[in-house]
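Hi everyone, thanks for coming.

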Amino acid sequence: MKRNEAYNEFVKGIWRDNPVFVQVLGMCPMLAVTNSAINAIAMGMATFFVLVGSSFLVSSLRQWIPKQVRISCFIIIIATFVTVADYTLLALVPAVHKELGAFIPLIVANCMILGRQEAFASRYPAKLAVMDAIGMAGGFMLALFSLGAIREILGDGALFGVRLFGADFEPWVIMILPPGGFLTLGVILLFFNWFRQKKDEFLDDVAEAQRGSD
Amino acid sequence: MSATTRKNAAAPSSLRLVLTLAVAGLISGVAIIGIYEATLPTITTNKAHELQAAVLKVLPGVSRMQALVFRDGELLANTEPAKDEPVVYGGYDDGGTFVGYAIPGAGPGFQDTIGLLYGYAPDRNLVVGMEILESRETPGLGDKIYKDAEWVAGFEALAVEPEIVAVKKGTSAADNEIDAITGATISAKAVVRIINETHVAWQDRLPPPGAEPELVEAEDAP
Amino acid sequence: MTEKEPKLLLFHAPLLRQDMTTARVMREVIIALLPAAGAAVWFFGFTALLVIGASIAGAVAAEWLFAPRESRGASLLDGSGLLTGLLLGLTLPPGLPMWMAFLGGFAGICLGKVIWGGLGHNLFNPALLGRAFLQATFPIAMTTWTPPAPGEFGVLSGNLALPFMQAGVDGVTAATPLGLLKFEQEVTPLLSLATGNTGGSLGEASGLLLLLGGIFLWIRRDFDWRIPVSILLTVAVFSAVLGLFDAERFPTPLFSIFSGGLLLGAIYMATDPVTSPVTPRGAWIFGIGIGVLVMLIRVFGGLPEGVMYAILLMNAATPLIDRYTQPRVFGREAKSP
């Protein structure tokens with residue numbers, strides 16, 4: 001039972017309550033840094049680190065944080081993790097850090113992260129909070145990666161810098177540019193909603209059939 | 001639930017709120033200073049390596065370099081540049097003989113500022129290499145200013161006097177002409193203009209050929 | 001059968017039914033475009049048929065795919081998808097690979113029509129949106145112009161490029177008359193411009209045939225004549241005024257009108273009833289706005305041609321124009337919005 005609960009918190013972030021495709025949160029990094037798969041993964045990993053770390057801290061310290069100043073405390077915790085991530089990336093992978101530029105410090109303003117602290121981590125024990133954070137950050141990374149992969153494949157004919165189609169490939173320049181982010185995200189949201197609608201219809205049909213047979 | 005118990009408790013005193021925030025800020029500050037100190041050496045070395053790699057690339061035959069600060073009408077080696085002080089990099093070969101300058105320049109491109117470094121051999125009055133350090137030119141078009149090998153190779157021996165001219169692809173004839181990039185004329189011309197402007201700015205600052213500053217071995221030279 | 005006369009007929013509005021249906025207008029615009037399309041085939045060969053056919057196929061495919069299952073037939077029958085594809089095809093360069101033309105038609109209908117809620121709800125002209133998408137996606141292929149070869153009926157190898165692959169170089173490319181003027185200061189003779197024997201997109205070539213189609217539409221009352229007239233007048237006046245300053249550098253009024261996609265845009269795209277203002281005063285403002293923007297982009301901008309962006313920009317301003325040019329309601333104060 002206990003393990004099941006933790007597993008549920010993990011899975012809901014990946015799929016059912018995916019922060020990007022369902023809640024449509026964190027759009028700024030989503031649109032800005034997904035012009036290649038490697039940038040998307042780096043951004044996803046930085047966000048993962050920040051979200052899991054701050055969810056753990058917020059949840060562990062929730063007894064000591066007075067609710068009047070909770071938002072400021074959350075922000076201090078998040079900002080600390082973001083700064084750590086910023087310097088670490090700059091030291092370890094300067095090339096990726098250069099590409100991501102201002103968007104690493106901007107993780108602090110990602111509403112998905114503050115939202116998880118306020119809605120989940122500050123109300124539940126650390127174990128569940130960490131599972132929830134891993135799920136949400138995983139879902140966010142998955143979304144970033146799918147956008148980055150589509151945009152890099154179409155816009156550059158490559159994935160992780162590896163050419164896929166040979167030298168004659170005609171790149172879709174728009175996909176690397178900002179409009180490509182909006183277009184790709186729109187198409188993915190379209191498919192996500194279409195899929196959910198179909199699934200709901202299917203479930204309704206099944207329920208109908210069961211009621212009929214009873 | 002803890003949330004409900006907190007709600008029922010009496011409002012905490014202001015002192016407690018202030019203390020909580022102060023402690024949080026303190027811990028956060030210590031953590032940030034810690035990570036800053038821990039990563040600083042790596043970051044500094046990375047930057048130095050990056051710069052050195054760029055200088056060696058634009059100045060063929062160079063194996064050692066030093067920063068030269070232009071101050072009070074002369075080039076000073078082994079000096080820390082103050083903010084906004086013009087800097088060039090002197091390149092020297094294995095024996096410590098002066099080969100050329102690597103000069104940084106920047107200017108508006110098609111999208112945003114283009115920052116570049118070019119190698120300049122004062123004895124022959126030639127540009128001998130060019131490397132784009134930063135640019136946000138259009139992917140697929142403007143980014144050819146650093147992706148198009150043919151264009152970059154065009155800077156390997158280019159006269160800067162009279163000033164460099166970007167001409168239609170395949171028509172460069174004179175020493176100071178370079179083939180522009182098809183589909184990225186504006187970005188290509190921006191690069192040429194930046195080099196021309198930087199050259200004019202530095203023309204009178206550089207000492208006459210033969211009188212270049214000597215290589216000063218710094219203690220922490222790589 | 002045995003009802004007594006006179007009988008009382010009870011209707012509700014509309015009481016007057018005309019044969020002015022969407023399908024009729026679409027059909028007649030297509031007819032008006034046929035001579036220009038024929039000229040494209042004469043000048044550029046079967047390559048024109050391939051490019052136009054591919055863009056029509058893309059537009060119709062998108063129309064079919066995204067139509068609700070019940071009304072699939074109806075939305076194809078009104079011919080608007082066909083017209084979008086045809087118009088888009090006429091704005092494309094001859095050597096464009098067929099897969100790109102198909103993609104342009106598809107994207108034009110998706111981005112220009114379907115996501116707004118279908119015909120009648122769109123803010124931008126779908127054909128131009130498709131072209132803007134292609135221009136942003138394949139900037140090099142969209143500005144590679146193959147010179148015309150009248151009466152040869154050939155096919156360019158670029159058209160047959162495999163999907164996702166480059167067009168390859170066909171050897172000869174030519175600059176458009178506007179490109180020549182802007183970058184080489186070279187003026188193309190007016191006769192070649194009017195007949196269409198110049199480099200350029202498939203449909204912008206033959207000015208006279210486009211005008212002929214426009215006159216046909218005017219006679220049939222299929223469009224608001226104020227829009228093309230105001231666009232062309234504005235462009236002519238603008239370039240005449242510029243000519244007073246420097247006749248060498250700036251194009252003459254006739255050159256301005258017959259070069260580039262101006263006639264195609266002014267007669268067939270700006271007049272799209274969905275994306276242009278409904279009031280006569282609004283139509284004048286709309287046309288003058290397009291004319292000024294075209295000349296600003298051509299003369300002072302970084303691009304040789306600006307008809308596409310001019311029309312799209314004014315499309316965006318259309319709701320605003322409609323709002324401020326509403327006729328005064330009879331009996332009300334002059335200022336009652």
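First, some housekeeping. This is a predicted model, where local features need pLDDT of at least 70, side-chain atom pairs count only at pLDDT 80 or more, and totals for chains, interfaces and linings use all residues. Residues are numbered from 1 along each chain as its sequence is written, chains are lettered from A and ligands numbered from 1 in the order in which they are written, and side-chain values use heavy atoms, with hydrogens and water left out.

Let's start with chains A and B. Their contact, meaning heavy atoms within 4.5 Å, takes in 25 residues of chain A and 24 residues of chain B. Together they bury about 2300 Å², with 70% of it on carbon and sulfur atoms; buried area is the accessible area, taken with a 1.4 Å probe, that two parts lose on being put together, summed over both. Ile76(A), Tyr87(A) and Ala91(A) supply 21% of what chain A buries here, more than any other three residues.

What about salt bridges between chain A and chain B? The count is zero, where a salt bridge is a side-chain nitrogen of Lys or Arg within 4 Å of a carboxyl oxygen of Asp or Glu.

Which helix of chain A gives the most to this side? That is helix 4, with ten residues; helices are DSSP runs of H or I, at least four residues, numbered from the N terminus.

Now turn to chains A and C. This contact takes twelve residues from chain A and 14 residues from chain C. The two chains bury about 1200 Å² between them, 71% of it on carbon and sulfur atoms. Here Glu170(A), Trp172(A) and Ile174(A) supply 50% of the area that chain A buries against chain C, more than any other three residues. Between chain A and chain C, the salt bridge count is zero.

Finally, let's look inside chain C. Helix 10, residues 226-245, packs against helix 12, residues 262-269, at an angle of about 155°, with their axes 8 Å apart. The axes are lines fitted to C-alpha atoms over the stretch in contact, and angles run from 0 to 180 degrees between N-to-C directions. Helix 10 and helix 12 of chain C are therefore roughly antiparallel, a label for angles over 145 degrees.

On the helix 10 side, the residues are Pro228(C), Ile231(C), Leu232(C) and Val235(C), and they meet Leu262(C), Leu263(C), Ala266(C) and Ile267(C) in helix 12.

Note on methods: Helix = DSSP H or I, 4+ residues; strand = E, 2+ residues; numbered from the N terminus. Parallel < 35°, antiparallel > 145°, perpendicular 65-115°, else oblique.
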